Amino acid sequence: MDWLHPPICLGCDQQFAQTPGLCEQCQTKLASKKIGFCLGCGLPVPVSLTAVAKCRLCHGKAPHFDRLVVMGEYKDFLRQLVLKGKSKSGELLMEVLGHLIAKSKKDLFKGLGKVEVTAIPSPWVRTLIRGHNPAASLASGLAAGLGVRLNLGLLRRARSTARQAGLPKHGRKVAIHGAFKKGNRTAAETILLVDDVMTTGATLKEAAKVLKAGGIGKIVPVVLARTP
Ligand SMILES: [Zn+2]
Ligand SMILES: [Zn+2]
């Protein structure tokens, strides 16, 4: 069967020995050692600062989140992968990328106590059209990679909202207000809140607010890509 359907890298479509997944070269391209991300806002910072990193703008400010984990910038190769992962056939790619975040950012997941993973719920119409919720597929790979529980029922959509893409900064905050409500109960101390792309962070802040109001101690958003 391998001869008929040779294993193909989900990133570059080249043939390689393992399946399913990303080839060595694609993994190296993604896990850049030269750049880190601010734990407050997710914007790039010099990697020498990553362990405690806060950018100039976040320094001294009360953080919106307890920590923020970003895989990379929304550009070039990662942007291509995000678009592929958000397509109809992107479920497996998102899971593989979730695994990669668990592996390449493992230091940022330490010291968080009992952890569960959840995802920003997608409006059901969009999930139906796409056949999957990319954030949930990513969350599933992350939970498996970290060996922790995936709990997708923690947040529910309270109402449908306008698409965030294309809205101005202030419009995004207004559009997302009241979009989520509390779902399942949990005994977790920290929730890893997964989304595919972070732009202003309005969606993550709104979701974190609902989870915190439900009594969860720490919310750590985990995003695949941060727009500049
Ligand atoms: Zn590849
Ligand atoms: Zn910052």
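A: First a term: axes are lines fitted to C-alpha atoms, for helices over the stretch in contact, and angles run from 0 to 180 degrees between N-to-C directions. This is a predicted model, in which local features need pLDDT of at least 70, side-chain atom pairs count only at pLDDT 80 or more, and totals for chains, interfaces and linings use all residues. Residues are numbered from 1 along each chain as its sequence is written, and chains are lettered from A and ligands numbered from 1 in the order in which they are written.

Q: At what angle do the axes of helix 2 and helix 3 cross?
A: At roughly 130°, and the axes come within 8 Å. Helices here are DSSP runs of H or I with at least four residues, strands are runs of E with at least two, and both are numbered from the N terminus. Helix 2 and helix 3 are therefore oblique to each other (under 35 degrees is roughly parallel, over 145 roughly antiparallel, 65 to 115 roughly perpendicular, the rest oblique).

Q: Which residues make the contact?
A: Leu81, Lys84 and Gly85 on helix 2, with Leu93, Met94 and Leu97 on helix 3. Contact means C-beta atoms, placed from the backbone, within 7 Å.

Q: Now the sheet. What is the strand order?
A: The order is 3-9-8-4-5, in an open sheet of 5 strands with parallel pairing. Two strands pair if DSSP finds at least two bridges between them. Strand 3 and strand 5 (149-150) are the edges, each pairing on one side only.

Q: How many bridges between strand 4 and strand 8?
A: There are 5, in the parallel sense. Ala119 stands opposite Val194 of strand 8.

Q: Which strands does helix 5 lie across?
A: Strand 4, strand 5, strand 8 and strand 9, and helix 5 runs at about 135° to strand 8. Helix 7 lies across strand 8 and strand 9, at about 165° to strand 8.

Q: What does Val194 touch?
A: Leaving out residues up to four places away in sequence, its contacts include Val117, Ala139, Leu142 and Val222.

Q: And the largest nonpolar core, how many residues?
A: It has 63 residues, and Ala139, Leu142, Leu193 and Val194 have the most contacts inside it. Such a core is a set of buried Ala, Val, Leu, Ile, Met, Phe, Trp, Tyr and Cys residues joined through C-beta atoms within 7 Å. Buried means 20 or more other C-beta atoms within 10 Å, exposed 12 or fewer, partly exposed in between, with C-beta atoms placed from the backbone.

Methods
Two residues are in contact if their C-beta atoms, placed from the backbone, lie within 7 Å.
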